[in-house]
Amino acid sequence: MLAKRGWKVSLYEARPDPRLTSSKADSKQRSINLAISHRGIAAIQAIDASLAERFMSTVIPMRGRMIHHLDGKLDSQIYDRDGQCINSIDRALLNEHMLNEVSASENIRVFFRSKVQFIDFERKEITYQDIDGARSSTAPFDLCVGADGSYSLVRRQMMKVVRMDYQQEYIKHEYIELKMPAGLDDEGRPKFVLDPSHLHIWPRHSYMLIALPNKDCTFTCTLFAPNEEFDRMDSPNVFLTWFKSNFSDALRDIGVDNLIHDFTHNPRSPLICTKSNPYHFRDRAILLGDAAHSMVPFYGQGLNCGLEDVRILNVLLNQESVNSTTLDCSPKREDKRLERVLSRYSQERHKDLLAINDLAMANYLEMRHLVTTPIYLVRKALDNLLYKLSSPQYKPLSSLSTFLANELYAEDEPKGWLPQYTMVTFRPDISYDTVRRVMARQIAVLGSVGALLGAAGVWMLLSQFCLSHPILSCRK
């Protein structure tokens with residue numbers, strides 16, 4: 001986005017180039033498969049429509065959840081009445097695809113194995129270490145973009161010069177990645193062993209297993225469980241027994257040897273939430289993505305939210321008519337228009353980022369337990385009924401992309417009844433904060449309707465009871 005606006009961009013990355021064979025051999029399975037949905041796609045389209053088209057050729061559409069019950073029963077829960085899908089993408093494949101695009105830009109230079117050590121925001125200088133040469137160098141900058149993840153060094157450096165509110169929380173659950181291999185068809189070609197058009201979930205109250213499809217017909221599986229649950233599994237045999245009792249059908253498809261290998265070789269990884277405010281420092285620094293707002297992965301919005309950060313920043317730069325030729329880049333002076341953009345970004349984005357962080361945490365309870373409960377199924381059916389009766393106009397992504405290239409969000413709240421998942425996942429013109437406010441109102445309505453239905457049900461039962469017991473009815 002910045003390169004397309006005319007900036008000369010230097011990208012400093014402490015790790016080696018992940019596209020190298022040596023990097024792939026040394027990598028550890030720490031990442032969760034990514035699900036990109038309308039927000040992320042719309043953000044890419046707003047910056048480069050051709051890139052979005054190339055990127056979408058690498059994804060696998062998933063039209064719903066497939067719930068795997070303990071007794072082996074399968075239950076398909078479609079995401080959207082209009083057939084809209086979320087899309088599975090391998091994280092390594094996404095990184096390679098984006099790096100190929102970056103490397104092709106004449107305005108971008110990438111420095112791998114270059115670890116940032118210190119940032120002087122007053123002098124606008126960054127100090128970094130060449131890991132291979134073990135020497136430090138400095139480089140000037142006009143704008144420092146901290147997109148360096150949950151443990152962001154740029155954020156820590158900003159805290160020295162900004163009165164930043166910051167909150168970090170590790171949740172009590174961790175995860176381990178497992179691999180479900182491809183099967184073989186009658187002609188010996190790879191095939192999916194599960195339906196690839198679904199995100200598969202094995203909900204088991206306090207823990208769960210999920211599986212997302214890959215292009216090579218494998219599935220990337222992620223096991224989430226409380227720390228103490230993993231602590232008790234102190235040997236492969238203990239883990240195998242536990243896994244077999246909870247996920248017997250998944251064990252059949254993964255295979256005992258593969259399961260034991262992944263358990264003993266893949267690390268247990270933590271889940272962290274971070275919240276910060278503001279996200280900028282004057283006209284010279286801004287935080288994007290996990291550096292500003294890491295969240296748990298249970299709404300599939302971490303990637304989408306990070307990409308949306310870029311779209312929002314781009315829109316604000318457009319609105320303030322800021323580009324590389326309009327900047328006053330002197331270290332001793334401030335560019336008022338750029339400072340206004342970054343300040344507006346912090347103000348506009350903060351309420352949305354708090355909202356999606358909370359929504360993501362709440363969705364974990366739904367995924368690992370509520371999706372199997374009768375009250376959830378009844379409430380979901382009522383939610384879908386009200387959605388159908390109110391018949392809000394279906395807005396495909398193609399109709400929203402041009403609008404979102406120039407506007408933050410729709411100005412008005414959505415008309416009619418919309419399920420929360422639809423608003424978060426398939427309506428990038430609705431902000432996360434608006435979703436939270438609309439849902440507070442709709443939950444109150446659902447509660448009232450549920451109470452009325454419950455009262456009506458009790459009245460019908462009492463009426464039937466009194467009709468079958470006339471003496472009791474007469475006495476009453």
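Helices α3 and α4 cross in a right-handed way (right-handed if the near helix is turned clockwise from the far one by less than a right angle, left-handed if anticlockwise). Before you click on, note that this is a predicted model, in which local features need pLDDT of at least 70, side-chain atom pairs count only at pLDDT 80 or more, and totals for chains, interfaces and linings use all residues. Residues are numbered from 1 along each chain as its sequence is written, and side-chain values use heavy atoms, with hydrogens and water left out.

**Stop 1: the helix pair**

Select residues 49-56 for α3 and residues 91-103 for α4. Helices (H or I, at least four residues) and strands (E, at least two) are DSSP runs, numbered from the N terminus. The axes of α3 and α4 come within 11 Å and cross at roughly 150°; axes are lines fitted to C-alpha atoms, for helices over the stretch in contact, with angles from 0 to 180 degrees between N-to-C directions. The two helices are therefore roughly antiparallel (over 145 degrees; under 35 is roughly parallel, 65 to 115 roughly perpendicular, the rest oblique).

Now show side chains: Leu 51, Arg 54 and Phe 55 of α3 meet Leu 94, His 97 and Glu 101 of α4 (contact means heavy atoms within 4.5 Å). Is His 97 buried or exposed? His 97 counts as buried, at 17% relative accessibility (buried is under 20% relative accessible area, exposed over 50%, partly exposed in between, with a 1.4 Å probe and protein chains only).

**Stop 2: an exposed proline**

Go to Pro 140, in strand β10 (residues 135-140). Pro 140 counts as exposed, at 72% relative accessibility. Leaving aside neighbours within four places in sequence, Pro 140 touches Lys 124 and Glu 125.

**Stop 3: strand β12 and its partners**

Select residues 165-180, strand β12. β12 pairs in the antiparallel sense with β18 (residues 269-277) over eight bridges, and Gln 168 has Thr 274 of β18 as its bridge partner. β12 also pairs in the antiparallel sense with β17 (residues 219-226) over eight bridges; there, look for Leu 178 with Cys 221. Two strands pair if DSSP finds at least two bridges between them.

**Stop 4: the cores**

Finish with Met 158 and Leu 313, which touch the most other members of the largest nonpolar core, a set of 79 residues. Helix α12 (residues 336-368) gives this core its largest share, 10 residues. Apart from it lies another core of 24 residues, among them Leu 194 and Ile 254. A nonpolar core is a set of buried Ala, Val, Leu, Ile, Met, Phe, Trp, Tyr and Cys residues joined through side-chain atoms within 4.5 Å.
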